[in-house]
Amino acid sequence: MSGASDAAGRLDWISRPAGPLRGTLTVPGDKSVSHRALMLAALAEGDSRISGFLEGEDTRATAAVFAQLGVSIETPAPGERLVHGVGLHGLRRADRPLDCGNAGTGMRLLAGLLAGQAFDSTLVGDESLSRRPMRRVTEPLARMGARIDTREGLPPLQIHGGQRLRGIRYELPVASAQVKSALLLAGLYAEGDTEILEPHPTRDYTERMLVAFGWPVEFAPGRARLGGGHALRATDVQVPADFSSAAFFLVAASLVPGSDLLLRAVGLNPRRTGLLQALRLMGADIEVLDERHSGGEPVADLRVRHAPLHGIELPEALVPDMIDEFPALFVAAAAAHGTTVIRGAAELRVKESDRIASMAAGLRALGIQVEETPDGAAIAGGTLDSGTVEGHGDHRVAMSFAVAGLLARGGVRIQDCSNVATSFPGFMELANGCGFALARA
């Protein structure tokens, strides 16, 4: 990971105004698909090859967890994993706590998967993950018969093995792909059917991946159902490029005059691409080319060219499909003509940082008027000034302000960027290769 750190090990960047962004890029593999491919390959019967695997800290943490649980995972080349599956009941008890690092996806999905094992497990995480709420997962799992102890709803999670799980019909109070996925993974070990109903449809990566590995699943937007008693069969998975990583370049090329970028083989899961629709509503020029499928997931090339953006009132229906892309949208809104109003995004308050507060504070430091609300913000587009912003150890906040620096008079210093490696290793090199002016502070 490029950059420089101070004596405390903190990594800071400076992003400066740059000319047109040009070229063809392939961003890293989808983090959500990488996590799930690894988990299901580990529980499958036979050997699975995963190509396009994200070489990020979060996904490597998940791989390390399964190695502790007795799964042999080879790395023939960067971005590839050969997973020797042990079958649904072949995991072994670890001799120490299982460290999920910064991976909220990893911890929540593992909670469901490990609730059905015959042995006890403890899931721990880094300082940031240890502040993230887990009751939304542990409470419905308890209804299935799981026993999980927490620290007042926070990690570590102490999971008691040997419990008899029962399938349930559960209506999620808040739409969450992670919670849905945790319950479906527990459902693999449960008696009877597990059915999840959502107030708004969320990403269906887990459902698609389970079907690819041979497990029968009924699913439609807002609903998923499966029964226990089947087996997972090894399969090869091609992980698409991560839309969340592509998002920074979609926004950057939309905002910087003269830009013309082509992003290759980007995953376009319909529950993931709310930002694409939002940017188009704002006037963005984004073409979807060569649509195809890879590993059960829709994939396409995206061509984005500069276009003047205008503020919008974001349709709340798009919010669940772009929850990870809001920091990038905040920057697009800050540079657009007029005001952008966001509602229904309270989930942003409990991500790696409080992303509403983090982005609002940073944009204000750059001279943009932002009015926060409990579930969103009103952002008045304007001219970005130079300044110093805080990354809050949140990879998406840091990369979003790297985009803002392309437009700010004099550039932007971004403090605490070290967690970018969790989702986008090599971001600085790829960004500078297409025209960013991003450097170590």
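Residues are numbered from 1 along each chain as its sequence is written, and side-chain values use heavy atoms, with hydrogens and water left out. Because the model is predicted, local features need pLDDT of at least 70 and side-chain atom pairs count only at pLDDT 80 or more, while totals for chains, interfaces and linings use all residues.

Start with the greasy parts. The largest nonpolar core takes in 81 residues; such a core is a set of buried Ala, Val, Leu, Ile, Met, Phe, Trp, Tyr and Cys residues joined through side-chain atoms within 4.5 Å, and buried means under 20% relative accessible area with a 1.4 Å probe, protein chains only. Trp 13, Phe 249, Leu 279, Leu 314, Phe 326 and Phe 427 have the most contacts inside this core. Helix H7 (residues 243-255) gives the most to it, ten residues; helices (H or I, at least four residues) and strands (E, at least two) are DSSP runs numbered from the N terminus. Another core, of 65 residues, lies apart from it and includes Leu 40, Leu 114, Met 144 and Ala 146.

Helix H11 (residues 395-404) is mostly covered, with ten of its ten residues buried. Asp 394 caps the N-terminal end of H11, placing a side-chain oxygen 3.1 Å from the backbone nitrogen of Arg 396. H11 is also one of the elements that the buried residues of helix H10 pack against, along with helix H9 (326-335) and strands S20 (369-373), S21 (376-380) and S22 (385-390). In H10 (residues 355-365), the buried set is Arg 355, Ile 356, Ser 358, Met 359, Ala 360, Gly 362 and Leu 363. Just after H10, Gly 367 takes a positive phi of about 90°.

Two loop residues are worth a look. Asp 416 sits in the loop between strand S23 (409-415) and helix H12 (427-433), and counts as buried because its relative accessible area is 16%. The side chain of Asp 416 reaches the backbone nitrogen of Gly 393 at 3.0 Å. The C-alpha atoms of these two residues are 5.4 Å apart, although 23 residues separate them along the chain. Thr 202, in the loop between strand S12 (193-197) and H6, has 6% relative accessibility and so counts as buried. The side chains of Thr 202 and Glu 198 are joined by a polar contact of 2.3 Å; a polar contact is a pair of N or O atoms within 3.5 Å, where within protein one must be able to donate a hydrogen and the other to accept it, and residues adjacent in sequence count only if both atoms are side-chain atoms.

On a 1 Å grid over the protein atoms alone, a cavity is a set of points where a 1.4 Å probe fits but cannot get out, and lining residues have an atom within 4 Å of a point. Arg 36, Met 39, Leu 40, Leu 185, Thr 206 and Met 209 line the largest cavity, and H1 supplies the largest share, three residues.

Key
1 Å grid on protein atoms, 1.4 Å probe; cavity = no way out; pocket = protein on both sides within 12 Å on 5 of 7 lines; lining within 4 Å. Buried < 20%, exposed > 50% of the residue type's maximum accessible area, 1.4 Å probe, protein only. Contact = heavy atoms within 4.5 Å.
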